[in-house]
Amino acid sequence: MVNGTTGEGLALSIQERKQLAEEWVRQGKDKLDHVIIHVGALSLPGSQELARHAAAIGASGIAVIAPFFFKPTSKDELLAFLREVASEAPAIPFYYYHIPPLTGVKIRVEELLDGIKEQIPTFQGVKFSDTDLLDLAQCINKNGREEFVFLYGVDEQLLSALAIGANGAVGSTYNYLGQKTNMMLQAFAQHDLALARKYQFLTGEFLNFVIKLGFGVAQTKAVMTFVSGIPMGPPRLPLVKASEEFIAKAKAKLDSIVWPTN
Ligand SMILES: CC(=O)N[C@H](C=O)[C@@H](O)[C@H](O)[C@H](O)CO
Ligand SMILES: CC(=O)C(=O)O
């Protein structure tokens, strides 16, 4: 998922977002199963322009957050906005990116799903970045025919979401804890709950530690940089780059974790 939270999509110009989308689609060809472009923006025309662009360059889907300055106050208002964006890319799957901690838009997804297919024929699922597991469970319960996918986005509690039927995950920590998380997914699929928990507890131990130090996109970028060796660069204002102290502590913590060997 490109130009979302970790990629600071909302801090980029339309032109920068297009450039990044193009590069990811190009580089992802024959390598990535999906390249979903986040095209949410505060203005409807901005979002529509990005949706048309994503479709034109061959993205495999688009995702949209709720606009968060002038906020939708009801399910119908949100749906109307999403519909106007989705209809600009009528041939590719549409995902709603639900992230109330950042948008402040708390409209429950379970409500949004009612009649969504009629309004948005390309609706494919939700990236669900909220701790309300009752809402998620109700979405999954309503999705009896399994038309839609629910990709969970609170990484520290992914296992709980899997238990109630989430289909996958999209999150910032998979940029550096992806392999460990895949081990958790595998253990869960093999019904080895004890092993799956162990992975969740350990990724949770790291996150719990960094959250106490102050953990946002800037810090995520710093961790991605020291784990991968690929310089992610500083974040853009108003975000400021992680301190050296944070980096040293986070690195020491991550290095100290002893992962299961199976
Ligand atoms: C609010 C937020 O940024 N959520 C991210 C995904 O959507 C997560 O991946 C978190 O960064 C992660 O769960 C760490 O708290
Ligand atoms: C956190 C996440 O999934 C994103 O960068 O959009």
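Helices (H or I, at least four residues) and strands (E, at least two) are DSSP runs, numbered from the N terminus. The views below show a predicted model, in which local features need pLDDT of at least 70, side-chain atom pairs count only at pLDDT 80 or more, and totals for chains, interfaces and linings use all residues. Residues are numbered from 1 along each chain as its sequence is written, while chains are lettered from A and ligands numbered from 1 in the order in which they are written.

**View 1. Confidence of the model.** The protein has an average pLDDT of 97, and 100% of the residues score at least 70; pLDDT is the predictor's confidence in each residue, from 0 to 100. The scores of the model are ipTM 0.96 and pTM 0.97.

View 2. A residue is counted here if its C-beta atom, placed from the backbone, lies within 6 Å of the ligand. Ligand 1 has 13 such residues around it, and the closest are Ser129, Gly153, Asp155, Gly171 and Ser172. The shell of ligand 1 comprises 5 nonpolar, 6 polar and 2 charged residues. Ala, Val, Leu, Ile, Met, Phe, Trp, Tyr, Cys and Pro count as nonpolar, Asp, Glu, Lys and Arg as charged, and the others, Gly among them, as polar. Around ligand 2 stand Met1, Gly4, Thr5, Thr6, Gly7, Gly153, Val170, Gly171 and Ser172. This second shell holds 2 nonpolar and 7 polar residues, with no charged residues.

**View 3. The annotated positions Thr6 and Val170.** An unreviewed UniProt entry places the feature "binding site" at Thr6 and Val170. These positions span 165 residues in sequence, yet no two of their C-alpha atoms are more than 10.8 Å apart, so they gather at one spot. Such annotations may be inferred rather than shown by experiment. Thr6 belongs to the segment before helix H1 (14-28), and Val170 to the loop between strand S6 (168-169) and helix H9 (174-189). A residue is buried if 20 or more other C-beta atoms lie within 10 Å of its own, exposed if 12 or fewer, and partly exposed in between, with C-beta atoms placed from the backbone. Thr6 is buried, having 20 other C-beta atoms within 10 Å; Val170 is buried as well, with 21. Contact requires C-beta atoms, placed from the backbone, within 7 Å. Beyond its neighbours within four places in sequence, Thr6 contacts Ser172, Asn175, Val217 and Thr220. With residues up to four places away likewise left out, Val170 touches Met1, Lys127, Leu151 and Gly153.

View 4. H11 (residues 217-228) contains 12 residues. Its buried residues are Gln219, Thr220, Lys221, Ala222 and Val223, and their cover includes H9, H10 and helix H12 (244-256). Just after H11, Gly229 adopts a positive phi of about 80°. In the loop between H11 and H12 lies Pro238, which is joined to Leu237 by a cis peptide bond with omega about 15°.

View 5. Most residues other than glycine have a negative phi, and most peptide bonds are trans. Asn3, although not a glycine, has a positive phi of about 65°. This residue lies in the segment before H1 and counts as buried, with 25 C-beta neighbours inside 10 Å. Asp30, also not a glycine, has a positive phi of about 65°. Asp30 sits in the loop between H1 and strand S1 (36-38) and is exposed, with 4 other C-beta atoms within 10 Å.

Methods. Two residues are in contact if their C-beta atoms, placed from the backbone, lie within 7 Å. The expected span of a helix is 1.5 Å times one less than its number of residues.
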